Amino acid sequence: QVQLVESGGGLVQPGGSLRLSCVASTSIFRLFDMAWFRHVPGNQRELVAAITRDYSTNYADSVKGRFTISRDNAKNTVYLQMNSLKPEDTAFYYCNGRGSTGDGWWGQGTQVTVSS
C-alpha cells in the first residue's frame, strides 16, 4: 500500500509557471520509478514526464523544453516544474509510482488550468 498526494495545481495565465509536487508514503521511494500523467475528459490519458529510480527522464514531445521532472528521495517527493504554460496544457494531472515488482499506485490528482 502506497499513498501518493499531489499538490500545486491551480489557475495560471498562458506563459506562466506552476510546480506540482507528489509526496509518497512508501519507505522505498528511492526504488520507485515515478511519472506524471494528465487527462482531459474525452481524451486518453497521456504520459507527461517520467523519472526512474536511476534519475533517467523522458518527456512527451508536447512538453519538451518547457516541463522538468525531478525527485528528492530524502523528501519522498517528485516534482513537475511547468514553464511557458499553454492553454492546451489544461488538464487533470496526477502522479504514478511503480515499484520494481511492477505494482503501481496513483495519486488523487490536481487540476491545472491555463487561461487568460
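1. Ser84 is found in the loop between β8 and β9; strands here are DSSP runs of E of at least two residues, numbered from the N terminus. Its phi is positive, about 50 degrees, although Ser84 is not a glycine. Ser84 is partly exposed, with a relative accessible area of 41%. On this scale buried means under 20% relative accessible area, exposed over 50%, and partly exposed in between, using a 1.4 Å probe and protein chains only.

2. This is a predicted model, in which local features need pLDDT of at least 70 and side-chain atom pairs count only at pLDDT 80 or more, while totals for chains, interfaces and linings use all residues. Residues are numbered from 1 along each chain as its sequence is written, and side-chain values use heavy atoms, with hydrogens and water left out.

3. Asn76 also has a positive phi, about 55 degrees, and is not a glycine. Asn76 lies in the loop between β7 and β8 and is buried, with a relative accessible area of 18%. Most residues other than glycine have a negative phi.

4. Arg38 belongs to strand β4, residues 33–39, and is buried at a relative accessible area of 7%. Its side chain makes polar contacts with the side chains of Glu46 (2.8 Å) and Tyr93 (2.8 Å). A polar contact is a pair of N or O atoms within 3.5 Å; within protein, one must be able to donate a hydrogen and the other to accept it, and residues adjacent in sequence count only if both atoms are side-chain atoms. Leaving aside neighbours within four places in sequence, Arg38 is in contact with residues including Val48, Phe67, Ala91 and Phe92, where contact means heavy atoms within 4.5 Å.

5. A search of the whole structure finds four salt bridges, each a side-chain nitrogen of Lys or Arg within 4 Å of a carboxyl oxygen of Asp or Glu. Arg38 and Glu46 form one of them, at 2.8 Å from N to O; Glu46 is partly exposed, with a relative accessible area of 29%. Asp89 and Arg38 form another, at 3.0 Å from N to O. Asp89 lies in the loop between β8 (77–82) and β9 (91–98) and Arg38 in strand β4, so the pair ties together parts that are 51 residues apart in sequence. Asp89 is buried, at 1% relative accessibility. Arg38, Glu46, Arg66 and Asp89 are linked in a salt-bridge network.

6. Asp61 and Lys64 also form a salt bridge, with the closest N and O atoms 3.0 Å apart. Both Asp61 and Lys64 are exposed.

7. The largest nonpolar core has 27 residues, and those with the most contacts inside it are Trp36, Val48, Phe67, Val78, Leu80, Met82 and Tyr93. Such a core is a set of buried Ala, Val, Leu, Ile, Met, Phe, Trp, Tyr and Cys residues joined through side-chain atoms within 4.5 Å. At least two of its residues come from each of β3 (18–24), β4, β5 (46–51), β7 (67–72), β8, β9 and β11 (110–114). Strand β3 gives the most, with four residues.

8. Arg19 lies over the face of Tyr79, at 4.1 Å from the ring centre. Arg71 lies over the face of Tyr55, at 5.9 Å from the ring centre. A charge sits over a ring if NZ of Lys or CZ of Arg is within 6 Å of the ring centre and within 35 degrees of the ring normal.
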